[in-house]
Amino acid sequence: MGKMLFRVILIGALFLCFSQPYTGKMSAQSIAPSSPFLKINNYYVLFTAPKAPYIDQNNRYMVPLRSINDLLGGQTTFNPTSNTATIKFGTHKVEFKMNSTEIVTDSSSSVMDTVSVLYKNAMFVPLGVLTKHLDIHQEWDQQNKLYSLSGKELMKTPMMENVEDLDHFREQVDNENAFQLLSYKLTMGEKIHLAITAKNMTGKKISEGIEDLNTTFIFSDNSTAGENRNHKRPSIDKDEIVTREDDIDYVKTIENNKIIKHELSYILFKGRTLKTHK
């Protein structure tokens, strides 16, 4: 019981260590997306361990195999003998082999224009190839450098159910997509520092108290940290661009009388507005 209490105290303390948001007006013309973004339903995916999704030299969007299981809801297995990953989603199946262009989809073989690679013991696979053969709806917005996946069947995973359960504002949300992500900067040192810049896309002024630039940090022990619920929520002008910077500690727990630091697994972001209280 003492160990459980100490764990709860450490995790709970994360909610107190967010800095107050900084919001400032900037020229919309001076800000452009800093990198390709991945969005699954209403969530921007800012980080997936061991590194954020990226575009490879063959112009393919690469994601770690584990994220398919945790975020999309596919069933993933890896055979170390053959260096082959098998991904099942619904009635479809795709098999990738490390450093090979050949893939097996359901019952046929084909060739893709890139290869799956290993990075820090994580297999990265081309998301576009995967979603095409798993029949997942995908869109690429060249202007905003946004790669989006959508569908009611996505994100039905234990990890995402936990994220939703811990979302204290889920019943108060008015607009799930009130903000467009323009850029972000992540630094992982003694603490995790994240700066997010987003634009008000509602077409109107956002009243004081309802802005919700909502960021969720998920750690390797599956614990979840969110923002300080009591931070100030200033009014935001029509088309205004705002920046928020947060510093948080890593989750730490006591195991066998030792402090264990849990690494960051995912960062998810939603740019929302909340319902006004009447």
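Is Tyr54 buried, partly exposed or exposed, at what relative accessibility?

Guide: The model is a predicted one, and its protein chain averages a pLDDT of 84, with 86% of the residues scoring at least 70. Tyr54 has a relative accessibility of 22% and therefore counts as partly exposed, the cut-off for buried being under 20%.

The setting is an open sheet of four strands, in the order 3-4-11-10 and with antiparallel pairing. Strand 3 (54–55) and strand 10 (117–119) form its edges; each has a single partner strand, so one side of each lacks a neighbour in the sheet. Strand 10 is joined to strand 11 (residues 122–126) by three bridges, and the two run antiparallel. Within this pairing, Val117 stands opposite Phe124 of strand 11. Helix 2 (residues 65–72) packs on the sheet, where it touches strand 4 (61–64) and strand 11, and its direction makes about 80° with that of strand 4.

Six aromatic pairs are found in the whole structure. In one of them, the ring centres of Tyr54 and Phe124 are 5.5 Å apart and the planes meet at 50°, so this pair is tilted. Because Tyr54 belongs to strand 3 and Phe124 to strand 11, the pair ties together parts 70 residues apart in sequence. Phe124, at 0% relative accessibility, counts as buried. Phe124 also forms an edge-to-face pair with Tyr119, with 6.2 Å centre to centre and 80° between the planes; Tyr119 counts as partly exposed at 29% relative accessibility.

Returning to Tyr54, the charged end of Lys51 sits over its ring, 4.1 Å from the ring centre.

How values were computed: Residues numbered from 1 in each chain as written. Predicted model: local features only at pLDDT ≥ 70, side-chain atom pairs only at ≥ 80, totals over all residues. Heavy atoms only, no water. pLDDT = per-residue confidence, 0-100. Pairing = 2+ DSSP bridges. Contact = heavy atoms within 4.5 Å. Axes fitted to C-alpha atoms, helices over the stretch in contact; angles between N-to-C directions. Phe/Tyr/Trp six-rings, centres within 6.5 Å; stacked < 30°, edge-to-face > 60°. Buried < 20%, exposed > 50% of the residue type's maximum accessible area, 1.4 Å probe, protein only. Lys NZ or Arg CZ within 6 Å of the ring centre and 35° of its normal.
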